[in-house]
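Here is a short briefing for a reader who is new to this structure. Please look at the sequence and the model, then read on.

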Amino acid sequence: MKNKSFYLIATFLLVLLTACGGNPEDRTSSVAVVQAPPAAAAPEDGTVIFTEPRKNYTLVHSPSSVLVTHNTTQVSSTHHGAKHLRFSDVSVNLMVAQSAKTIASKDLNSLIDLYIAFFNRVPDADGLNYWIDNLKAGATLEDIGANFYRVAKQYPEVTGYDEKMNDEAFVRLIYKNVLGRIGSTAPPDSHVAYWVNDLQKGLSKEKLVAVMSVAAREYANDKEWGWMTSLLNNKVALGKYFAIEQGLTYLTYEDSIRKTVTLTAAVTPTDYLKAKKLVEVKDSEFNLQTSSSSGLGKLIDCFNPAVFAIGNTILREDVQTKINIDVNNNPIKSISTTIEEAKVTGPVNFKGNSVLALVGTKTYRGDGLSDSVDSTTDYLSVEKDGYVSYGHTYNTHDSKNQNITILSYSLPADKLSFTLGVNETVSQSYIFYQENFLTGATISQNQSTQGTTFLGIEEITVPAGSFSACKIKYSSPSWMVGQPDVTTYVWWIASGPYRGLRVKILDSERWIIEASRLAINGK
């Protein structure tokens with residue numbers, strides 16, 4: 001790595017929240033304490049208090065309100081105009097995501113870089129919001145970096161920086177803290193001397209941090225050193241998740257030191273999902289950047305029976321990104337494509353019901369394997385206010401590696417009612433069956449409960465284009481004892497020629513499916 005160095009990561013500082021303008025004690029006046037409240041307006045300063053930890057609640061956020069539901073009692077409260085939610089362990093800054101959109105993305109990344117560089121921690125939402133405001137008011141990134149460095153030097157036992165540190169020690173600390181460059185990967189003297197020379201020519205230490213962050217990312221595709229770029233980028237991604245998507249700030253200095261350092265230490269060059277799981281929230285799919293709910297629109301806008309007129313041919317090409325876990329518990333990302341084309345036929349008899357049958361093929365492509373093509377059939381009916389899904393067939397292999405066709409269905413049939421109001425949830429208990437399609441032999445049988453919530457219409461972009469789409473949340477208990485509920489989001493197109501087609505599916509921890517091509521009768 002000739003004439004290159006990298007960003008500095010220290011270990012944190014005791015007064016971080018003070019330095020970042022995020023002291024939670026400054027926000028305790030004029031607040032409302034909420035245990036199991038009815039719908040309520042936010043108090044004058046926009047803070048609403050809850051008496052239990054954040055993980056005990058599920059949040060649904062819209063541009064104008066936030067719905068808070070207790071996970072055990074299922075008691076909900078809606079708060080209009082709230083700016084902060086304060087739980088017993090953390091606060092949620094509901095404004096930080098919008099604030100982050102008011103500066104350039106490169107400047108936002110640079111602010112997060114400064115937290116990582118000087119304190120080896122992710123930013124808290126309140127502190128990040130404070131520095132965004134300072135940047136908009138005219139402060140430069142170098143000004144902010146100087147502030148961080150000044151505080152870091154006041155606590156040498158925590159950060160490793162002190163007033164007597166010479167330039168060589170400063171540079172070596174950058175290598176050590178940011179990229180783990182110690183031992184066999186420690187920088188050679190010539191590389192350290194390169195940066196020391198820049199400092200002695202008048203380059204400020206704050207400016208050097210910015211220069212090194214750029215240098216770090218120049219190695220993204222380097223086979224030997226690219227892991228260091230990945231490490232830095234993963235820490236930034238974790239910072240965005242913690243501070244911007246979740247909007248979190250710990251309430252005490254002790255927690256800010258211990259927990260944010262622990263989070264950052266869990267990041268590796270190949271993974272930050274483990275660190276995300278250390279964040280003590282159960283609804284990890286909550287995201288202030290996208291809103292859990294637009295709070296707008298009617299689900300009926302996505303109901304289009306004409307799509308399933310007999311004789312229609314429906315084509316959907318999807319790109320699926322999936323995160324698998326290897327034997328070392330590290331995530332491996334795979335990308336594949338499925339092309340499904342089916343013709344609407346019927347009516348046919350499905351276990352005593354007169355239904356439509358979407359008969360076609362599904363082509364699987366990706367992961368370095370040759371294409372595979374399976375026959376598929378989906379059974380459904382169209383009612384006056386929704387779709388009823390009775391079941392579907394797919395191909396797999398049995399224990400003897402013989403190809404078999406599986407019929408999967410539920411009792412009662414799964415109905416998507418398009419009469420749901422915004423943020424309204426319906427729950428239904430089901431028994432799920434899998435059978436050998438040819439012999440009728442039962443392969444498996446499981447009982448579960450599924451909750452369906454309409455979250456509003458929002459604008460989304462997928463490879464196939466940009467669409468107004470109805471966002472629907474499905475929740476059900478995990479099949480694995482002790483694991484959190486399984487949550488899936490599905491988007492249905494609300495307008496245009498493809499109204500009524502599914503365009504996106506998201507499981508926040510494992511996979512995402514996005515339409516890359518759509519067609520009805522070839523158009």
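Two strands pair if DSSP finds at least two bridges between them. Helices (H or I, at least four residues) and strands (E, at least two) are DSSP runs, numbered from the N terminus. This is a predicted model: local features need pLDDT of at least 70, side-chain atom pairs count only at pLDDT 80 or more, and totals for chains, interfaces and linings use all residues. Residues are numbered from 1 along each chain as its sequence is written, and side-chain values use heavy atoms, with hydrogens and water left out.

**Overall make-up**

- The protein has twelve helices and 21 strands.
- It has 523 residues, and 50% of them count as buried. Buried means under 20% relative accessible area, exposed means over 50%, and partly exposed is in between (1.4 Å probe, protein chains only).
- The accessible surface is about 24,300 Å². Carbon and sulfur atoms hold 51% of that surface. Such areas come from the Shrake-Rupley method with a 1.4 Å probe; for residues, only the protein chains shown count as cover.
- Contact means heavy atoms within 4.5 Å. Among contacts between residues at least 6 apart in sequence, 61% join residues at least 24 apart.

**Strand pairing**

- Strand 15 (residues 403-417) and strand 16 (residues 425-436) run antiparallel, joined by six bridges. Here L407 stands opposite E435 of strand 16.
- Strand 16 also pairs with strand 17 (residues 442-462), again in the antiparallel sense, over eleven bridges. Q428 stands opposite Q450 of strand 17.
- Five residues lie between the strands in the hairpin of strand 16 and strand 17. In that hairpin, G440 takes a positive phi near 80°.

**Nonpolar cores**

- A nonpolar core is a set of buried Ala, Val, Leu, Ile, Met, Phe, Trp, Tyr and Cys residues joined through side-chain atoms within 4.5 Å. In soluble globular proteins, nonpolar side chains tend to be buried together.
- The largest core here has 72 residues. L85, L111, L128, F170 and V171 have the most contacts inside it.
- Another core lies apart from that one, with 41 residues, among them V60, I460, I493 and V503.
- Beyond its neighbours within four places in sequence, L128 is in contact with L108, L111, I112, Y115, P123, A243 and I244.

**Salt bridges**

- A salt bridge is a side-chain nitrogen of Lys or Arg within 4 Å of a carboxyl oxygen of Asp or Glu. The structure holds 19 of them.
- D167 forms a salt bridge with K205, with the closest N and O atoms 3.2 Å apart. The pair links distant parts of the chain: D167 is in helix 7 (residues 167-179), K205 is in helix 9, and they are 38 residues apart. Both D167 and K205 are buried.
- R502 pairs with D318 in a salt bridge, the closest N and O atoms being 3.2 Å apart. R502 lies in strand 20 (residues 502-507) and D318 in strand 10 (residues 313-325), so the pair ties together parts that are 184 residues apart in sequence. R502 and D318 are both buried.
- D371 forms a salt bridge with R365, with the closest N and O atoms 3.0 Å apart. D371 is partly exposed, with a relative accessible area of 40%. R365 is partly exposed, with a relative accessible area of 40%.
- Salt bridges that share partners join D255, R258, K259 and E280 into one network.

**A buried charge without a partner**

- E206 lies in helix 9 (residues 205-217). E206 is buried yet has no salt bridge.
- The nearest side chain of opposite charge is K153, 6.4 Å away. Lys and Arg count as positive and Asp and Glu as negative; His and the chain ends are not counted.
- Leaving aside neighbours within four places in sequence, E206 is in contact with E142, G145, A146 and Y149.

**Backbone exceptions**

- Most residues other than glycine have a negative phi, and most peptide bonds are trans.
- A cis peptide bond joins G346 and P347, with omega about 0°. P347 is in strand 11 (residues 331-350).
- The peptide bond from L411 to P412 is also cis, with omega near -10°. P412 is in strand 15.
- Q74 is not a glycine, yet it has a positive phi of about 65°. Q74 is in the loop between strand 5 (65-70) and strand 6 (76-80). At 53% relative accessibility, Q74 counts as exposed.
- N521 is not a glycine either, and has a positive phi of about 55°. N521 lies in the segment after strand 21 (511-520).
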